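Biologist: Before we discuss details, could you show me the model, so that we can go through its helices and a few of its residues one at a time?

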Amino acid sequence: MKAAQVQGLTVDQLVEKYRELSARHGRAIEAGNHKAANRDFGVIVAINKELRSRGIEAHRELFKLLNDPEPGTRCWAATDVLEFAPREGEQVLAELAKVPRSLVGLTAEMTLRQWKAGEYKPG
(Lines give C-alpha, C1' and ligand atoms only; values in the text may rest on other atoms or scores of the structure.)
Protein backbone atom coordinates (compact mmCIF):
# COMPACT_ATOMS: atom_id res chain seq x y z
CA MET A 1 0.00 0.00 0.00
CA LYS A 2 1.18 3.49 -0.81
CA ALA A 3 0.69 6.48 1.50
CA ALA A 4 -1.45 8.23 -1.13
CA GLN A 5 -4.01 5.39 -1.03
CA VAL A 6 -5.10 5.92 2.57
CA GLN A 7 -7.59 8.66 1.75
CA GLY A 8 -9.97 6.18 0.14
CA LEU A 9 -10.24 3.95 3.22
CA THR A 10 -12.89 4.02 5.92
CA VAL A 11 -11.87 4.74 9.50
CA ASP A 12 -12.17 1.05 10.37
CA GLN A 13 -10.00 0.12 7.39
CA LEU A 14 -7.44 2.75 8.36
CA VAL A 15 -7.22 1.42 11.91
CA GLU A 16 -6.88 -2.17 10.69
CA LYS A 17 -4.17 -1.23 8.18
CA TYR A 18 -2.39 0.77 10.91
CA ARG A 19 -2.53 -2.29 13.18
CA GLU A 20 -1.22 -4.60 10.48
CA LEU A 21 1.62 -2.33 9.36
CA SER A 22 2.69 -1.23 12.84
CA ALA A 23 2.88 -4.87 13.96
CA ARG A 24 4.96 -5.77 10.93
CA HIS A 25 7.15 -2.69 11.47
CA GLY A 26 7.78 -3.67 15.10
CA ARG A 27 8.70 -7.23 14.18
CA ALA A 28 11.07 -5.96 11.48
CA ILE A 29 12.74 -3.57 13.96
CA GLU A 30 13.21 -6.37 16.50
CA ALA A 31 14.70 -8.59 13.79
CA GLY A 32 17.11 -5.85 12.77
CA ASN A 33 15.55 -5.63 9.32
CA HIS A 34 15.48 -1.88 8.91
CA LYS A 35 14.79 -2.02 5.17
CA ALA A 36 11.52 -3.85 5.79
CA ALA A 37 10.65 -1.50 8.66
CA ASN A 38 11.29 1.54 6.50
CA ARG A 39 8.84 0.28 3.84
CA ASP A 40 5.95 0.55 6.30
CA PHE A 41 6.99 3.70 8.15
CA GLY A 42 5.63 6.26 5.68
CA VAL A 43 2.27 4.55 5.32
CA ILE A 44 1.80 4.33 9.10
CA VAL A 45 2.54 8.06 9.39
CA ALA A 46 0.14 8.79 6.51
CA ILE A 47 -2.63 6.78 8.19
CA ASN A 48 -2.15 8.68 11.45
CA LYS A 49 -2.36 12.00 9.57
CA GLU A 50 -5.47 10.85 7.73
CA LEU A 51 -7.16 9.82 10.97
CA ARG A 52 -6.24 13.17 12.50
CA SER A 53 -7.63 15.02 9.48
CA ARG A 54 -10.98 13.27 9.96
CA GLY A 55 -11.39 14.68 13.48
CA ILE A 56 -10.82 13.65 17.05
CA GLU A 57 -13.38 10.82 17.00
CA ALA A 58 -11.59 9.14 14.10
CA HIS A 59 -8.18 9.73 15.69
CA ARG A 60 -9.39 8.30 19.01
CA GLU A 61 -9.95 4.97 17.28
CA LEU A 62 -6.24 4.36 17.91
CA PHE A 63 -7.18 3.77 21.57
CA LYS A 64 -8.30 0.31 20.48
CA LEU A 65 -4.70 -0.53 19.71
CA LEU A 66 -3.17 0.39 23.08
CA ASN A 67 -3.82 -3.18 24.27
CA ASP A 68 -2.86 -4.93 21.04
CA PRO A 69 -0.74 -8.06 21.54
CA GLU A 70 1.97 -6.70 19.22
CA PRO A 71 4.50 -4.42 20.95
CA GLY A 72 5.13 -2.50 17.73
CA THR A 73 1.45 -1.66 17.42
CA ARG A 74 1.21 -0.60 21.06
CA CYS A 75 4.28 1.61 20.65
CA TRP A 76 2.98 3.34 17.52
CA ALA A 77 -0.51 3.81 18.98
CA ALA A 78 0.80 5.12 22.31
CA THR A 79 3.04 7.59 20.50
CA ASP A 80 0.19 8.80 18.30
CA VAL A 81 -2.30 9.28 21.17
CA LEU A 82 0.09 11.36 23.28
CA GLU A 83 -1.32 14.62 21.93
CA PHE A 84 -4.89 13.97 23.12
CA ALA A 85 -4.42 11.27 25.79
CA PRO A 86 -0.97 11.78 27.32
CA ARG A 87 -1.62 9.72 30.44
CA GLU A 88 -2.65 6.62 28.49
CA GLY A 89 0.12 7.02 25.92
CA GLU A 90 2.77 7.54 28.59
CA GLN A 91 1.61 4.47 30.51
CA VAL A 92 1.91 2.19 27.48
CA LEU A 93 5.29 3.63 26.49
CA ALA A 94 6.60 3.18 30.04
CA GLU A 95 5.48 -0.47 30.05
CA LEU A 96 7.17 -1.12 26.72
CA ALA A 97 10.35 0.63 27.88
CA LYS A 98 10.73 -1.98 30.64
CA VAL A 99 11.16 -4.86 28.19
CA PRO A 100 14.84 -5.86 28.30
CA ARG A 101 16.88 -5.92 25.08
CA SER A 102 13.94 -4.77 22.96
CA LEU A 103 14.43 -2.27 20.17
CA VAL A 104 10.72 -1.42 20.31
CA GLY A 105 11.20 -0.86 24.06
CA LEU A 106 14.15 1.41 23.36
CA THR A 107 12.02 3.37 20.89
CA ALA A 108 9.30 3.69 23.53
CA GLU A 109 11.84 4.84 26.13
CA MET A 110 13.34 7.46 23.82
CA THR A 111 9.91 8.74 22.75
CA LEU A 112 8.78 9.00 26.36
CA ARG A 113 11.98 10.80 27.34
CA GLN A 114 11.57 13.33 24.49
CA TRP A 115 7.89 13.80 25.30
CA LYS A 116 8.55 14.53 28.97
CA ALA A 117 11.34 16.96 28.03
CA GLY A 118 8.95 18.82 25.72
CA GLU A 119 11.04 17.87 22.69
CA TYR A 120 8.59 15.51 21.01
CA LYS A 121 5.89 17.04 18.87
CA PRO A 122 3.24 14.59 17.63
CA GLY A 123 2.50 15.03 14.04
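Modeller: A definition is needed at the start: helices are DSSP runs of H or I with at least four residues, numbered from the N terminus. Please also keep in mind that this is a predicted model.

Biologist: Is His25 buried or exposed?

Modeller: His25 lies in helix 1, and beyond its neighbours within four places in sequence it is in contact with Ala37, Asp40, Phe41, Ile44 and Trp76. The cut-off for burial is under 20% relative accessible area. Because His25 has a relative accessibility of 11%, His25 counts as buried.

Biologist: What covers the buried residues of helix 1?

Modeller: The buried residues of helix 1 include Leu14, Val15, Tyr18, Leu21 and His25. Their cover, taken over the whole buried set of that helix, includes helix 2, helix 4 and helix 6 (103–116).

Biologist: Why does Trp76 count as buried?

Modeller: Trp76 has its place in helix 4 and, not counting residues up to four places away in sequence, touches Tyr18, Ser22, His25, Phe41, Ile44 and Val45. Its C-alpha is 9.0 Å in space from that of Arg19, although Trp76 and Arg19 are 57 residues apart in sequence. Trp76 counts as buried because its relative accessibility is 13%.

Biologist: Where does helix 2 bend, and by about how many degrees?

Modeller: Helix 2 has 20 residues and, from its first C-alpha to its last, reaches 29 Å, close to the 28 Å expected at 1.5 Å a residue. The residue at which helix 2 bends is among its buried ones, a set that also includes Ala36, Ala37, Val43 and Ile44. The bend is at Asp40, by about 25 degrees.

Biologist: At roughly what angle do the axes of helix 4 and helix 5 cross?

Modeller: Two packed helices are described by the angle between their axes and the distance between the axes. Here, residues including Cys75, Ala78 and Val81 in helix 4 meet residues including Val92, Leu93 and Leu96 in helix 5, and by class this contact has eight nonpolar, two polar and one charged residues. The crossing is left-handed; the axes of helix 4 and helix 5 come within 8 Å, and the angle is roughly 145 degrees.

Biologist: Is Arg101 buried or exposed?

Modeller: Arg101 is found in the loop between helix 5 and helix 6, and its phi is near 55 degrees, a positive value in a residue other than glycine. Because its relative accessibility is 83%, Arg101 counts as exposed.

Conventions
Residues are numbered from 1 along each chain as its sequence is written. This is a predicted model: local features need pLDDT of at least 70, side-chain atom pairs count only at pLDDT 80 or more; totals for chains, interfaces and linings use all residues. Side-chain values use heavy atoms; hydrogens and water are left out. Helices (H or I, at least four residues) and strands (E, at least two) are DSSP runs, numbered from the N terminus. The expected span of a helix is 1.5 Å times one less than its number of residues. The bend at a residue is the angle between axes fitted to the seven residues ending there and the seven starting there. Buried means under 20% relative accessible area, exposed over 50%, partly exposed in between (1.4 Å probe, protein chains only). Contact means heavy atoms within 4.5 Å. Axes are lines fitted to C-alpha atoms, for helices over the stretch in contact, and angles run from 0 to 180 degrees between N-to-C directions. A crossing is left-handed if the near helix is turned anticlockwise from the far one by less than a right angle, and right-handed if clockwise. Ala, Val, Leu, Ile, Met, Phe, Trp, Tyr, Cys and Pro count as nonpolar, Asp, Glu, Lys and Arg as charged, and the others, Gly among them, as polar.
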